[in-house]
Amino acid sequence: MIPNGVEDEEKFLAAGIAGLQQNAFYMHRALDSNNLKDALKYSAQMLSELRTSRLSPHKYYELYMRAFDELRKLEIFFKEETKRGCSIVELYELVQHAGNILPRLYLLCTVGSVYIKSKEAPAKDILKDLVEMCRGIQHPLRGLFLRSYLSQVSKDKLPDIGSEYEGDAETVVDAVEFVLQNFTEMNKLWVRMQHQGPAREKEKREKERSELRDLVGKNLHVLSQIEGIDLEMYKETVLPRILEQVVNCKDEIAQGYLMDCIIQVFPDEYHLQTLETLLGACPQLQPSVDIKMVLARLMERLSNYAALSTDVLPEFFQVEAFAKLNNAIGKVIEAQEDMPIAGVVTLYSSLLTFTLHVHPDRLDYVDQILGACVKKLSGKGKLKDSKATKQTVALLSAPLEKYKDIDTALKLSNYPHVMEYLDDATSKEMANVLVQTILKSKTCISTAEKVEALFELMKGLIRDLDENIHDELDEEDFKEEQNSVARLIQMLHNDDPEEMLKIISTVKKHILTGGPKRLPFTAPPLIFNSLKLVRRLQNQDENAPEEEASAMPKKIFQILNQIIEALSSVPVPELALRLYLECAEAANDADLEPVAYEFFTQAYILYEEEISDSKAQVTAIHLIIGTLQRMHVFGVENRDTLTHKATGYSAKLLKKPDQCKAVYSCSHLFWVDDQDSIKDGERVLLCLKRALRIANAAQQMSNATRGSSGSVLLFIEILNKYLYFFEKGVTQITVASIQSLIELITTEMQSENTTSDPAADDFLASTLRYIQFQKDKGGAVGEKYESIKS
């Protein structure tokens, strides 16, 4: 149900519209019959409807717009009357005989518009007369709409430079005076609305006033469009007069809105040249005015102006814009002791954006702003207000977006101090922004000092700042974050090995605090980056003395060992084992036998103590065998120990087929092409025979449990190993042993108990084709294979 007040208002509006339309009808009839007397009579009666005090501004506006439309038609009629010989001067005097003052002034403004167009009198005199006459209406609402109508009908008839109503050189001053006077009176009426009615309706009145603010603001827009206002006139007359009215009205709503209007409607270069005057008015405004938004808008306008062209930057330097703005902000913050922290940060954020546009090379200014922000934040603990947090993130992001270079941000001594005030979740977000900036710009962080500073800023990603945050984080998001950190670690580089070692040590210190969930992401990239350094040193130090050449790699391997030890306690034994083997291979390339042996020992310990899953064991043993096969640094004793262990592990795998494959893979440990010391045909044959026995046992087990002997695929794989070593010249692998193995496979495949396996059939066919291919080669190779019957 509609409240009674609203319901009554609708009735009053409907009655007003009805009365207006009825009189408009009679006015139209009089206009059609060129009856001036009746036209004036009914138009005055029509306009009397605007004398009501029963409507809210919103409803009054609706009634006003209907009257405005009718007045446009009346204006056209007046123009035609003058063409038909009616004296515009007489008409101007005639309308002043209307009974009520409000209709009289509306009609006077309408005729005045035609009078100015006729050019029978100077525009400035008519405008002065009209603006003075309008003082007759002192009711705030009615007066505002009347003066708004005057502004509307006169805006294209001002005696401006280049205007057809220009007159002498001084007329621009008259045009400005007219608009300023109208603005001043409208503002007074608008402010007066605040003090009418009971105190309990204060909120309602403020809302109604906000709806009417554009009527007042339009005057400033009209002023800004006057071509004759140059910088000097704006500085000496226009701005001081406007600010005088703004300050003297002592009204919170008017001051906030009009300051914003000034900033928005007048040119940027004028603001720049009158910065001191504009900023000087700020402390004189009411304490409740949101000055931070006024200053923020001003700085935003000036920032955009500076961004348009570098040609305008000297103007900023000339007027010392930064110093003035910085000083003004300091005074505002000092004056408003209870200003929320979000407001303080908003001001500094706007000043920082301005500085980055105008003084991009002055990092001291940027750091000074951050320092001032830190000073204001000190003693307040972590930010809890979401607005303040958002503005602080904007403040910290601005230098990154401008310079697109983390190096610059790292030079700002106060940058990390501001970050300290962010809550843990936001600190993490900010750290992510830093990382993404580096990855996007492909910036290389090349000193340990910078890495230390960067990782201190990134601590939200490197370690858990708050135990509860991690539980809430989505697993996918966490992985993405840590992968970004991993990519960043890979990008760290310095050509100087000493400095690079310091960088590695710095990163190690930070990532070891990351906890078990982060280490599997952050440790591997650091290890591989370190191994790159080892290989680089190896290439550089070929001519250096042995002791010097191995000193730094030993230090690096010690660091790597510590990192992998931490990783193996997470536990992620499979990853740790892979990394131990990678390090062992790098130590092998650096000819550091004790180091390589230690890494292998650690890998074996992990295998024995930590890896219990059968699939993981299979993968691990093949990695061990593959790595060990490539090692050349070990002496006979160490190699035998490691090889013996590897073959032992192979034979102890859970599944027979896995045992078989691991054992025949071990045969490669006893025959390495490029190492004459590792060519033991007896042990190769021993491994292959052992693999055959295991394969045979696997078939028997299959026969016992499933009633069929299963596939012969293992035998064919072993046959291929026989052929490989036969070709390499292992004398213990004879034609007879190969022949008997082929016959065994053929017999098994023809057996009723053997399960049909197309893969095995294809594999055998391919192997036999290879034997035939070697025979067809002729020469020594062909002769070697000739005796094998396939």
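**Reading the model, piece by piece**

Modeller: Keep in mind that this is a predicted model. Let's start with threonine 767, which is buried, since its relative accessible area is 3% and the cut-off for buried is under 20%.

Biologist: Where is threonine 767 found, and which residues is it in contact with?

Modeller: Threonine 767 is part of helix α38. Skipping the neighbours within four places in sequence, its contacts are Ile716, Leu719, Asn720 and Leu723.

Biologist: And glutamine 675, is that buried or exposed?

Modeller: Glutamine 675 has 12% relative accessibility, so it counts as buried. You'll find glutamine 675 in the loop between α34 (656–666) and α35 (681–706). Leaving out residues up to four places away in sequence, glutamine 675 touches Met631 and His632.

Biologist: Back to α38. How do I read its packing with α37: at roughly what angle do the axes cross?

Modeller: Look at the angle between the axes, then at the handedness, then at who meets whom. The axes of α37 (residues 735–750) and α38 (residues 758–777) cross at roughly 150° and come within 12 Å. That angle makes α37 roughly antiparallel to α38, because over 145 degrees counts as roughly antiparallel. The crossing is left-handed. From α37, Ile742, Ile745 and Met749 meet Ala760, Asp761, Leu764, Leu768 and Ile771 of α38. Sorted by class, that contact has 7 nonpolar residues, no polar ones and 1 charged.

Biologist: What about α26 and α28, are they roughly parallel or antiparallel?

Modeller: Helix α26 (residues 475–491) packs on helix α28 (residues 519–540) at about 15°, and their axes are 8 Å apart. So α26 is roughly parallel to α28. Their crossing is right-handed. The contact includes Phe478, Val485 and Ile489 of α26, along with Phe521, Leu526 and Phe528 of α28. By class, the contact of α26 with α28 has 8 nonpolar, 5 polar and 2 charged residues.

Notes:
Residues numbered from 1 in each chain as written. Predicted model: local features only at pLDDT ≥ 70, side-chain atom pairs only at ≥ 80, totals over all residues. Heavy atoms only, no water. Axes fitted to C-alpha atoms, helices over the stretch in contact; angles between N-to-C directions. Helix = DSSP H or I, 4+ residues; strand = E, 2+ residues; numbered from the N terminus. Parallel < 35°, antiparallel > 145°, perpendicular 65-115°, else oblique. Left-handed = near helix turned anticlockwise from the far one by under 90°. Contact = heavy atoms within 4.5 Å. Nonpolar A, V, L, I, M, F, W, Y, C, P; charged D, E, K, R; others polar. Buried < 20%, exposed > 50% of the residue type's maximum accessible area, 1.4 Å probe, protein only.
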